[in-house]
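Please keep the sequence and the coordinates at hand while reading.

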Amino acid sequence: MASSAIKSGALVSLQDLHPSSHYFKQGTSLRVTGKLQEYSAQTAIAVVVDGSAELKVNTEHLRNLNLKIGSFYQFIGELLIQPDNEAVLQARVGRNVDGINLDLYHQSLRLLRQFQADHLKNPTT
């Protein structure tokens, strides 16, 4: 049986995506959440924001996802680093997550990372 080459998307906040981050690598599979700030139907490029952080998302492979400026979306895909060091997420999955509380989302993400770090230090507990 052939193994799947598609990796699960690592949960990251948009603030985590900067050139010195270990997530900021060509082809890294990520799951990001943000508010849709811009969308061009011609180029299929969306811009999602979270606070002062933003990310371009290529939505060309998404079908039946009606993008609405001001709504919250979660995308899973692979990070493409452009020659000018700009990141674009090539989305393979997208969904509307209106109603999400981003503060609670970030808090749960911090707790998850803390748990994972503690578990890696002490795998038997």
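Which residues does Leu-17 touch, not counting residues up to four places away in sequence? In this predicted model, the residues touched by Leu-17 under that condition are Val-12, Tyr-23, Phe-24, Leu-30, Val-32, Leu-55 and Leu-79. Leu-17 also belongs to the largest nonpolar core, which has 20 residues. Within that core, Leu-17, Leu-30, Val-32, Leu-55, Val-57 and Phe-75 touch the most other members. At least two residues of the core come from each of S2, S3, S4, S5 and strand S6 (87-96).

Confidence comes next. The mean pLDDT of the protein is 90, and 94% of the residues score at least 70. Strand S3 has the highest confidence, at 97, while helix H1 (residues 102-121) has the lowest, with a mean of 87.

The strand pairing can be followed from S2. Strand S2 covers residues 29-40 and pairs with strand S1 (residues 10-11) in the parallel sense, over two bridges. On this side, Leu-30 of S2 is the residue opposite Ala-10. Leu-30 is also one of the core residues that touch the most other members. Strand S5 (residues 72-81) runs antiparallel to S2, and seven bridges join the two. Here Gly-34 has Tyr-73 of S5 opposite. Two of the partners can be named: Ser-40 is bridged to Ile-45 in S3, and Tyr-39 is bridged to Ala-46 in S3. S2 and S3 form a hairpin with four residues between the strands, and in this hairpin Ala-44 has a positive phi near 65°.

Strand S4 (residues 53-58) pairs with S3 over six bridges in the antiparallel sense. Val-49 faces Glu-54 of S4 across this pairing. The hairpin of S3 and S4 has two residues between the strands, and Gly-51 takes a positive phi near 65° in it. How enclosed is S3 by the rest of the structure? Five of its six residues are buried, so S3 is largely enclosed.

Asp-50 is a residue of S3. Is Asp-50 buried or exposed? Its relative accessible area is 8%, and because buried means under 20%, Asp-50 is buried. When neighbours within four places in sequence are left aside, the contacts of Asp-50 are Leu-14, Gln-15, Thr-33, Leu-102 and His-106. Ser-13 lies 37 residues from Asp-50 in sequence, yet the C-alpha atoms of the two are 8.0 Å apart.

One aromatic pair is found in a search of the whole structure. The pair consists of Tyr-73 and Phe-75, whose ring centres are 6.1 Å apart and whose planes meet at 25°; the pair is therefore stacked, the limit for stacking being under 30 degrees.

The loops remain. Thr-28 is located in the loop between S1 and S2. At what distance does the side chain of Thr-28 reach the backbone oxygen of Lys-25? The distance is 2.9 Å. Apart from residues up to four places away in sequence, Thr-28 touches Tyr-23, Gly-77, Glu-78 and Leu-79.

Two asparagines have positive phi values. Asn-64 is in the loop between S4 and S5, with a phi near 60°. At 80% relative accessibility Asn-64 counts as exposed, because the threshold is over 50%. Asn-85 is in the loop between S5 and S6 and has a positive phi of about 70° without being a glycine. The relative accessible area of Asn-85 is 42%, so Asn-85 is partly exposed.

Technical notes:
Residues are numbered from 1 along each chain as its sequence is written. Side-chain values use heavy atoms; hydrogens and water are left out. Two strands pair if DSSP finds at least two bridges between them. Buried means under 20% relative accessible area, exposed over 50%, partly exposed in between (1.4 Å probe, protein chains only). Contact means heavy atoms within 4.5 Å. A polar contact is a pair of N or O atoms within 3.5 Å; within protein, one must be able to donate a hydrogen and the other to accept it, and residues adjacent in sequence count only if both atoms are side-chain atoms. Rings of Phe, Tyr and Trp (its six-membered ring) pair if their centres lie within 6.5 Å; planes under 30 degrees apart count as stacked, over 60 as edge-to-face and the rest as tilted. pLDDT is the predictor's confidence in each residue, from 0 to 100. A nonpolar core is a set of buried Ala, Val, Leu, Ile, Met, Phe, Trp, Tyr and Cys residues joined through side-chain atoms within 4.5 Å.
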